[in-house]
Amino acid sequence: MGQRQLTAADGFSCGAYEALPAGEPKGGVVVLQEIVGVNAHIRAVVDGYAAAGYAAIAPQIFDRVERDVELGYTAQADFDKGLKLAFQDLDLDRTLADIAAAVQAMQVHGKVGVVGYCFGGLLAWLAACEIDGVAAASAYYGGGIAKQLQRQPRCPVMMHFGERDAHIPLSEVEAIRQAHPAVQV
């Protein structure tokens with residue numbers, strides 16, 4: 001359990017937190033970070049998947065802009081910085097290349113699922129639509145998915161939203177349901 005490097009198809013290398021199970025992995029899981037980076041919580045999620053028998057990895061997708069970003073949950077400045085990194089500074093195609101490198105790294109352990117939280121939920125949807133080798137994807141409160149409904153998933157997808165989530169209106173959740181009835185919402 002610890003840090004490793006992933007190299008994308010364009011040669012860029014990003015950091016990642018990886019954990020392996022005690023025995024033979026049941027498969028691989030790529031954990032996509034929240035807006036606050038690969039922090040203690042995301043590392044604990046990766047560790048949890050390993051404890052459940054999966055090889056798991058969380059690529060540090062902000063590394064193309066700023067290395068080793070690890071923000072908190074309470075300071076507005078941290079939230080604002082994460083928003084800027086995610087929606088202004090990152091190049092989406094390059095971000096998907098980094099996620100593809102994580103999927104490829106996990107394929108040595110069998111089928112690979114992608115799970116994402118918050119900003120990572122949006123990225124999980126994009127990974128399901130754009131990256132070869134993703135066997136299934138699960139998005140938790142993925143803001144911005146409703147703006148990406150023209151894309152078509154290549155694998156089974158499950159999405160989770162909060163009924164009282166002020167950041168993702170139920171009208172967007174309904175738009176997702178209407179556009180993709182095969183996606184479990």
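Author: Buried means under 20% relative accessible area, exposed over 50%, and partly exposed in between (1.4 Å probe, protein chains only). Keep in mind that this is a predicted model: local features need pLDDT of at least 70, side-chain atom pairs count only at pLDDT 80 or more, and totals for chains, interfaces and linings use all residues. Residues are numbered from 1 along each chain as its sequence is written, and side-chain values use heavy atoms, with hydrogens and water left out.

Reader: In which loop is Tyr141 found, and what is its phi near?

Author: Helices (H or I, at least four residues) and strands (E, at least two) are DSSP runs, numbered from the N terminus. Tyr141 sits in the loop between β6 (134-140) and β7 (157-160). Most residues other than glycine have a negative phi. Tyr141 isn't glycine, yet its phi is positive, near 40°.

Reader: Is Asp68 buried or exposed, and what is its phi near?

Author: Asp68 is in the loop between β4 (55-59) and α2 (76-89). It counts as exposed because its relative accessibility is 53%. Its phi is another positive value in a residue other than glycine, near 55°.

Reader: How many residues does helix α3 have, and which residue caps its N-terminal end?

Author: Helix α3 covers residues 92-106, so 15 residues, and reaches 21 Å from first C-alpha to last, close to the 21 Å expected at 1.5 Å a residue (that is, 1.5 Å times one less than its number of residues). Its buried residues include Leu96, Ile99 and Val103. At the N-terminal end, a side-chain oxygen lies 3.1 Å from the backbone nitrogen of Asp93, and the capping residue that holds this oxygen is Asp91.

Reader: How far apart in sequence are the parts tied together by Arg4 and Glu18?

Author: The side chains of Arg4 and Glu18 meet in a salt bridge (3.1 Å, N to O), meaning a side-chain nitrogen of Lys or Arg within 4 Å of a carboxyl oxygen of Asp or Glu. Arg4 lies in strand β1 (residues 2-7) and Glu18 in strand β2 (residues 13-19), so the parts they tie together are 14 residues apart in sequence.

Reader: Which residue forms a salt bridge with Asp10?

Author: Asp10 is partly exposed, with a relative accessible area of 45%. Its closest N and O atoms with the partner are 3.0 Å apart, and that partner is Arg64.

Definitions and conventions
A polar contact is a pair of N or O atoms within 3.5 Å; within protein, one must be able to donate a hydrogen and the other to accept it, and residues adjacent in sequence count only if both atoms are side-chain atoms.
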